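Let's take a look at a protein together, one piece at a time. Have the sequence and the 3D view ready as you read.

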2 protein chains.
Amino acid sequence: MGNNSASLYNRYKDKLQRIADIKYAAAVLQWDQETYLPSKGNEARARQLATLNETAHQLFSEDEFGKLLDELSVADNLDTKQKRNVELTFEDYHKQKKYTGAFVRKMSETVSRSFYSWIDARKQNDFKIFEPALDELIQLKKQESDLLGYEDHSYNAHLKEYEKSTSVKQLDQLFENLQAPLKKLISEFSSKETNTDFLKRFYPKDQQWKWAMYLVKELGFDLEAGRQDISEHPFTTNFSARDVRITTRIDEHDFANMTWSCIHEVGHGLYEQGLPDEEYGLPSGEYASLSIHESQSRLWENCIGRGPHFWQFYFLKLQSFFPDQLHDVNLEQFLGAINKVQPSLIRTEADQLSYHFHVYVRYIIEKEIIGGNLKTTDIPARWNDLYEQFLGIKVPDDKKGCLQDVHWSHGSFGYFPTYSLGSLYAAQFWFQLQKDEPGVKEEIVNGNLYTVHQWLANSVYQHGRIYTSGDLCKRITGETLNTHFFTDYIADTYKHF
Amino acid sequence: MGNNSASLYNRYKDKLQRIADIKYAAAVLQWDQETYLPSKGNEARARQLATLNETAHQLFSEDEFGKLLDELSVADNLDTKQKRNVELTFEDYHKQKKYTGAFVRKMSETVSRSFYSWIDARKQNDFKIFEPALDELIQLKKQESDLLGYEDHSYNAHLKEYEKSTSVKQLDQLFENLQAPLKKLISEFSSKETNTDFLKRFYPKDQQWKWAMYLVKELGFDLEAGRQDISEHPFTTNFSARDVRITTRIDEHDFANMTWSCIHEVGHGLYEQGLPDEEYGLPSGEYASLSIHESQSRLWENCIGRGPHFWQFYFLKLQSFFPDQLHDVNLEQFLGAINKVQPSLIRTEADQLSYHFHVYVRYIIEKEIIGGNLKTTDIPARWNDLYEQFLGIKVPDDKKGCLQDVHWSHGSFGYFPTYSLGSLYAAQFWFQLQKDEPGVKEEIVNGNLYTVHQWLANSVYQHGRIYTSGDLCKRITGETLNTHFFTDYIADTYKHF
């Protein structure tokens, strides 16, 4: 590339990487906030995060940076990836320009307060404790809809934060289409008598932790380029492709709680570790979208992590970790239990079918909240009604109801739908992987995950944010998202159990 | 205060607190770097820290901030503390102005590289691994002497970073004065036959950790406003007065290693937790100097933590943690062993007398390094010679020699002398505490540390950085630092053992 273009691009890269430094620093402070922060440190941490977020925003929205991007957009001699990086950063720049520093600061402070109050509300199992902070956050989120702008529905402004290509219209349609086949499949499979009692035996914390660390390593997560810790709600964050932090939680009376959320987070973690490290701070070094991120976690959690091939190898290992709890259980019983279809209260523990109704409930509520049709105070009642309507179960209390997820406390309205989209992408990718690599299931049976890792690295990880979710899906599978892969996958999977 | 002064002061406060946010964020990243960071995360972490340090420097050295300080220095209606805050910040501002952003960034990056290389060199017990990175850092430190300016000796520029009121002249004199009495006391006490074998029995890691956590709580460290973790070299850092992190390390074959370094760090931690939280980011919310900081850690570690009164209460507790290791040891034997005078290799484990020779060796070497009279490559030989000269012992390898301390890898040249100064201040404060509170030893015998805490809070903690070390010492004890308190304290203490 020409000298001038090269020098412009280097200035652009340097700037973006400095912004990334500040953002990742904020991510370290947030990770610490959810893992190790002593309770009285809350207040100072909130202002430190606010200052970092405000600083990152300020750097990103400087007019001088806009000018640099202007020059770069007409620069010749940039290669395709560089051009695409500049194009994506320009979009980000225009979005940053819509915010004021004061708004960014206020949002950050409000999110921190809301998170602490969620922790407290969960401890005391009382939504009312969370309500004032959540309500303040919701008011701010509504202002954000107007700042960002939207078509058709104010919730669209937020949906696009997590998956640019989706909308209320698409999601209404999607959930509408999924409802009937899911209901049919659920009624078909949930009638089966399956014993799951042994999953509720006593699994000691220390031993579960050892199992979790074993699992993480076996799944290929690089512990020299990441860690696993304990937090209130499992999550993945990263401070570079070589420093990826996953967290989990342990319930001694529920084996499933930790294991599949651990596999889920490893799926996220592998994606982050697989992103091109040399593209640090650039769009080409970032994940494609949250839907694609969730496709990675759900593919590992479900397509692999609940599948018979994986456990043909790992069930014996598992038994050696928990001989007392699992000596009288065979592989078939185990697979039946971990795939039991049974509408239940907690999303992260849901079977793959009723899972989408958990998401649907949150989607409906978020749309109403942001659209102004639901008062914050009415969330628990609305939640409980919808759980009865779609999952047919009564919610006994707030902790098992609308306080179960951390997302709203983070202000992440619009995030949940990506779990459903991700599950659908996962099934579509899983089909393609088997088509491209016909021997892959056999390898998994032998405890060999090499081909899975390679295929995901080539198909997904290496591209960063260069392609939209739709384009990426088309590149990989030849077509955009198609729900029949998911329903086919379900029908195919459940015939085994 | 007048409206205008009030508004100016608020702007000043807001600015300083934002700078503090960035600095504390860097401290979080550093804490993480020394406790939990996966090894491959090093590189990105180094650049993140560099960007935060550069950002903090940039904010602090903005001309606009200088103008604000100008206006404030002539503002009427500020109270004494506010005036002093402005005065101290003005000094800090002028110092910041001496640096360029590029120099701050380079220093930060070089320190990170040097720290990683120290970790590696220690693991492999080979100074040569550390040498290139250390040498680069030393060259930068020499440039810094010139940037900062100095009188008499270039090392003075660095000494003043940790204790404004000290100098090569004062320290030469001080160590000169201490040498003869220390040597006399050492030869007197080290001839005693004292059994210390039981301190080298096997003390399992888990049990030591439980003991450490017990100790931390008992000493009054607030675990809702702080944490303890494990690191390569023990240290204390804080992200506000309500979030103070101490670390320790455990040697299963050396009971003393963890225990007194833990008490030492708690001493630091109590000081940080005791600083006025409402003065966050202002000089009045910061510690007075590193000498005063070390007076707090050394007072707890030695005057209290090696004293008979403390262990009259806690020895039984200790035995209940380690019955197998200590069932055949009585209090008198224990006190003798933990106060055994015996020149040894490791500073953090040294007795209170030979301790000063450890510091003296480092002081001599630092003076020579910064003054340009000692090549980096010659540090191990010089170290080993000086240990033979002053402590009369042969250094077997680099890990037990010049690689033992983290400080140089952080570029903290000028820090070590504050350990000696701190020990001297500690003795002087300890005498005054007993004079002001004649019943305090009796309280300690009963496991009651309330009066100690209150006295330190009133005498030291509450004042932040408002007084210089000398003025603070004079306020508390009626005179400035006087070494006779230390030699008296030693003579008084060791007559018991």
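In chain A, A:Gly226 sits opposite A:Val244 of strand β3(A). Keep in mind that this is a predicted model, where local features need pLDDT of at least 70, side-chain atom pairs count only at pLDDT 80 or more, and totals for chains, interfaces and linings use all residues. Residues are numbered from 1 along each chain as its sequence is written, while chains are lettered from A and ligands numbered from 1 in the order in which they are written.

A quick word on terms: strands are DSSP runs of E with at least two residues, numbered from the N terminus, and two strands pair if DSSP finds at least two bridges between them. With that in hand, β1 (residues 226-230) of chain A runs parallel to β3(A), and 5 bridges join them. Another facing pair here is A:Ile230 with A:Thr248 of β3(A).

## The other side of β3

Now for β2 (residues 236-240) of chain A: it runs antiparallel to β3(A), joined by 4 bridges. A:Ser240 faces A:Asp243 of β3(A), and a hairpin of 2 residues links β2(A) to β3(A).

Put together, the 3 strands of chain A make an open sheet in the order β1-β3-β2, with mixed pairing. The edges are β1 and β2 of chain A, each of which pairs on one side only. From one strand to the next, the twist averages 20° (axes are lines fitted to C-alpha atoms, and angles run from 0 to 180 degrees between N-to-C directions).

## Buried or exposed?

How many residues of strand β3 (residues 243-248) of chain A are buried? The count is 6 of 6. Buried means that 20 or more other C-beta atoms, placed from the backbone, lie within 10 Å of a residue's own; 12 or fewer makes it exposed, and anything in between is partly exposed.

Both faces of β3(A) are covered: A:Asp243, A:Arg245 and A:Thr247 are buried on one side, and A:Val244, A:Ile246 and A:Thr248 on the other.

## Two copies
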